[in-house]
Amino acid sequence: MKLKRIGIVGCGAIGSKIAEAISSDLKDKAKLSALYDIDSAKARDLAGKLRKKNIIVLSLARLIRRSDLVVEASSAGAAADIAREALRNRRDCLIMSVGGLLGAEDIFDLAREKNCSVYVPSGAIAGIDALKAHKLANIKRVILITRKSPQALSGAPYVIQKKIDLDNIKEETMIFEGSAQKAVTFFPQNINVAALLSLAGIGKEKTRVKIFCSPGYSKNIHEIEIESSAGKTFIRCENSPCPDNPKTSYLAVLSAIAVLKDIFNPIKIGT
Ligand SMILES: NC(=O)c1ccc[n+]([C@@H]2O[C@H](COP(=O)([O-])OP(=O)(O)OC[C@H]3O[C@@H](n4cnc5c(N)ncnc54)[C@H](O)[C@@H]3O)[C@@H](O)[C@H]2O)c1
């Protein structure tokens, strides 16, 4: 059987773990064909760890040429362009920086036109299966309540613009309330889950988001409420942060690996 060639854009916390999984769990089905990072040292370090120095490439175009499936694990600002480039070249893609897809829905038309797949993992949350089912029954509301530590929120554009002194937050404090669209703009590296809920559910304006911060949180917590004529669903995820990047939940990494495994599995369990 011909191995599927998978290239990874972004060799940080998520990209590295996906690369390891492709080289171990998936080695009978897939081959890690290329690594690209704007910080070339990151690609070099990862290739060194995997003992595969010859898979480093210095441009997205080269990565695409070498891959059947492009995994994006870089940044919200780059995700849409990476997806477009992959699809124009008739490559499937898996997108982790889901925030970058909001407002770039032309990508889904391009995927249909080119007959390619865009995989968007559930990432740091559960319940996308229920949300897709609720969508068939007139959704009244979707609310995301995210709870994160000051460390996980540091550097977010909203925190900087509003001059929020995260070190001075001593107890649970709501620092943001608004639409998913605004949440994604102001917390691009934190709130991919809001974008994912918008895409799977009722869109970026109607999906509501609240963000709480407390030094007492050691986990990234996401609570989701969905209501439709089919009833109410409540979901709570208490995610351990990734050791390499506290802004990223370990579950998000595993979710991407699970999607890759599913691509090769003829048995599809869950929605
Ligand atoms: N879908 C989800 O639930 C979910 C969860 C967590 C993180 N994420 C997103 O996944 C992405 C990766 O997360 P991470 O924790 O691995 O981040 P990270 O900061 O550890 O790694 C990102 C890597 O991408 C590289 N990079 C940035 N822009 C690039 C570009 N234009 N081209 C090539 N490389 C580029 C960086 O140099 C870095 O090495 C982030 O955008 C993050 O917001 C999604």
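The radius of gyration is taken here over C-alpha atoms, and the globule rule is 2.2 Å times the number of residues to the power 0.38. With 271 residues, a compact globule would by that rule have a radius near 18 Å, and the chain, at 19 Å, agrees with this. Its C-alpha trace spans about 50 × 45 × 30 Å along the principal axes.

This is a predicted model, in which local features need pLDDT of at least 70 and side-chain atom pairs count only at pLDDT 80 or more, while totals for chains, interfaces and linings use all residues. Residues are numbered from 1 along each chain as its sequence is written, and side-chain values use heavy atoms, with hydrogens and water left out.

The secondary structure comes to 11 helices and 12 strands, counted as DSSP runs (helices H or I, at least four residues; strands E, at least two). Of the contacts with a separation of 6 or more, 71% are between residues 24 or more positions apart; contact means heavy atoms within 4.5 Å.

Of the 271 residues, 51% count as buried, that is, under 20% relative accessible area with a 1.4 Å probe, protein chains only. The accessible surface is about 13100 Å², with 49% belonging to carbon and sulfur atoms; the areas come from the Shrake-Rupley method with a 1.4 Å probe.

An automatic or database assignment sets the domain bounds. Domain 1 covers 4-120 and domain 2 covers 128-244. Their C-alpha centres lie 26 Å apart. To the contact between them, domain 1 gives 14 residues and domain 2 gives 12 residues.

Notes. Buried means under 20% relative accessible area, exposed over 50%, partly exposed in between (1.4 Å probe, protein chains only).
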